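Please look at the sequence and the model shown here before reading on.

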Amino acid sequence: MSEQPLSSDLKPIPGAPLWLLAELTYRCPLQCAYCSNPLDFAAQQEELSTEEWFDVLRQARAMGAVQLGFSGGEPLVRKDLEALVAEARRLGFYTNLITSGLGLDEARIGALREAGLDHIQISLQAADAEVAAAVAGSPKAHAKKLTMARAVKAAGYPMVLNVVLHRHNIDQIDDIIALCAELGADAVELANCQLYGWAQLNRAGLLPSREQLEAAEATTQRWRERLAAKGQDMRLLFVIPDYYATRPKACMGGWGSIFMTVAPDGAVLPCHSARILPMSFPTVREQPLQAIWYQSDAFNRYRGEDWMPSPCRDCDERHKDFGGCRCQAYMLTGNADATDPVCDLSPDHHLIEAAREEAANDQREVHELTLRNVRESRVFCRE
Amino acid sequence: MNSTRVYRLRPGWRLQWEEAQQRHVLLYPEGMVQLNESAGAILTLLDGERDVTALIDELQRRFPQPPREEMTADVEEFLQDAANQGWIRHE
């Protein structure tokens, strides 16, 4: 009855992918400065068609995938979302829509319900409209999100609210949790932003201080006690930024272990960030998913522990964190095979300390961060 | 435990048999509980109508070996635990 033990033997026989993240599009009406999409997303043009997505869903389900996230970009931009949900549900997936809430209205909530959608996760940027507008580059989004969260709840969906935390909104956490409680969330992910993609670009302007982080965690704990005392069942999940950890996260439960992402153009990735790595990933237009998952060089590259460098190779914790995150190792050291520098046993851990130092000296206001949009992205397409 | 209590799965959660995993799983927003055989057997029978007594009657019909007293204790312990974890609810 417990979570599946994530084994990491010397010569692993990979299990089935249990999770499929379907990134339907990189198009999005918002411009969040911490977006995890690739910096050069504007270079991606041709999205998979409805039929191609149907085929991906059928293949993944046949392999054993059962949790499905529709994500992006903003998945509601796709007019065929309802059709994709209906097919996914028919196949037996548990279907999660991961959305900004923009593009949703009551008619669409009803149509998605009809199609069999199981769950809607809405993201909030802040407790107040002003900070939300600055970080997402949209003045009206906040009010619209609140209206849609109420409509989602009224339609009887379980609702997870996701709030990406950073130095410009983390001090509002008390108000943020109060807002989520008022909206009737079943769970709230208070996730300090993961420093990939656009968040990595804006890293020094996003990373909170240790004092901010500790205060926010304490507030969250007080809320847990208050909710329990009131008998209100709203789970609060607080995720600290990697840069304040001393051991790396078990990224994706291990490379190619339980999770796969299919990007808008059909590239199959072990996580949604992996296309930054200096390696190539096959697409569903070229090969069957089964072959990509079990046989491709990309998915086998960091399975098991043969690839591990020192100090991971001899570390007792290598089965727990799998050497951490390959993208983080690559972004920080230029070497995707390195131990994740988050680990304080890594010879590169000083890079994390330097990044914290850099952030402490960054004076940028929230409106001075680089927003994620096509114009900014074209700069990276040319590089 | 009140033996007339009627449990059901938490709204929006789904129990299903997974052929690839050869077990029942409980699916919820962005997560999954992988169930062992007895947990799967108990949760499958929570239809929102059977109370705890009827549930144990049905389990006894399907699995006659364990003595009723023993099964009752095990099932009640499981239901309490599942309720504490938020998997199931009662009116």
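## The model and its confidence

This is a predicted model, in which local features need a pLDDT of at least 70 and side-chain atom pairs count only at pLDDT 80 or more, while totals for chains, interfaces and linings use all residues. Residues are numbered from 1 along each chain as its sequence is written, chains are lettered from A and ligands numbered from 1 in the order in which they are written, and side-chain values use heavy atoms, with hydrogens and water left out.

The average pLDDT (the predictor's confidence in each residue, from 0 to 100) is 94 for chain B, where 100% of the residues score at least 70. Among the elements of chain B, the lowest mean pLDDT, 92, belongs to strand β5 (residues 88–90), and the highest, 97, to strand β2 (residues 14–18); strands here are DSSP runs of E, at least two residues long, and helices are runs of H or I, at least four residues long, numbered from the N terminus. For the complex, the predictor gives an ipTM of 0.93 and a pTM of 0.93.

## Where chain B meets chain A

Contact, meaning heavy atoms within 4.5 Å, involves 23 residues from chain B and 24 residues from chain A. The buried area (the accessible area, with a 1.4 Å probe, that two parts lose on being put together, summed over both) is about 1,900 Å², and carbon and sulfur atoms give 47% of it. On the side of chain B, the residues that lose the most area to chain A are B:R14, B:E30 and B:Q34, together 33% of what that side buries.

Across this interface the rule finds 5 salt bridges, each a side-chain nitrogen of Lys or Arg within 4 Å of a carboxyl oxygen of Asp or Glu. B:R10 forms a salt bridge with A:D233, with the closest N and O atoms 3.2 Å apart. Strands β2, β3 (23–28) and β4 (31–34) of chain B each supply at least two residues of the side that touches chain A, and β4(B) gives the most, with 4 residues.

## Pairs within the chains

Over all chains, 9 aromatic pairs are counted, the rule being that ring centres of Phe, Tyr and Trp (its six-membered ring) lie within 6.5 Å, with planes under 30 degrees apart counted as stacked, over 60 as edge-to-face and the rest as tilted. The rings of B:W13 and B:Y28 are stacked, because their centres are 4.6 Å apart and their planes are at 20°.
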